[in-house]
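Thanks for coming. Please look at the sequence and the model on the screen, and I will go through the sheet and the salt bridges.

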Amino acid sequence: MVQSEPSAQWQQAFNALEQSVLNGQYSVRVQYLDNESLEGALGAFAAKGPDGQPVIYLNKAWLESGASTEEQTRVLLEEFGHSLDARL
């Protein structure tokens with residue numbers, strides 16, 4: 001079923017997320033992992049990391065191999081988007 005309007009529950013979650021971002025309270029930790037742990041992925045997101053908080057994992061070998069700022073930004077934005085999806 002396709003909805004043309006957001007549900008009241010989704011809108012409430014969005015409003016809370018928006019306030020959290022605007023107030024500087026929303027954060028996602030970034031942690032570096034080795035290539036093997038990430039199975040070759042450049043980045044990954046977990047809604048609950050080892051401490052139960054959201055975390056973005058970045059491939060340390062990829063970063064050390066000379067990944068450009070543009071490439072790093074692209075991966076971080078993608079993973080940050082996953083954090084927003086998970087929150088909503």
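A residue is called buried under 20% relative accessible area, exposed over 50%, and partly exposed in between, with a 1.4 Å probe and protein chains only. Arginine 29, at 34% relative accessibility, therefore counts as partly exposed.

This is a predicted model: local features need pLDDT of at least 70, side-chain atom pairs count only at pLDDT 80 or more, and totals for chains, interfaces and linings use all residues. Residues are numbered from 1 along each chain as its sequence is written, and side-chain values use heavy atoms, without hydrogens and water.

Now the sheet. Helices (H or I, at least four residues) and strands (E, at least two) are DSSP runs numbered from the N terminus, and two strands pair if DSSP finds at least two bridges between them. The 3 strands form an open sheet in the order 1-3-2, with mixed pairing. Its edge strands, each pairing on one side only, are strand 1 (29–33) and strand 2 (43–46). Strand 2 runs antiparallel to strand 3 (residues 55–59), joined by 4 bridges; alanine 44 is opposite tyrosine 57 there.

How many salt bridges does the structure hold? There are 2, counting a side-chain nitrogen of Lys or Arg within 4 Å of a carboxyl oxygen of Asp or Glu. In one, arginine 29 meets aspartate 51 at 3.6 Å, N to O. That pair links distant parts of the chain, 22 residues apart: strand 1 and the loop between strand 2 and strand 3. Glutamate 64 and lysine 60 also form a salt bridge, at 4.0 Å. Because they are 4 residues apart in helix 2 (residues 60–64), about one helical turn separates them.
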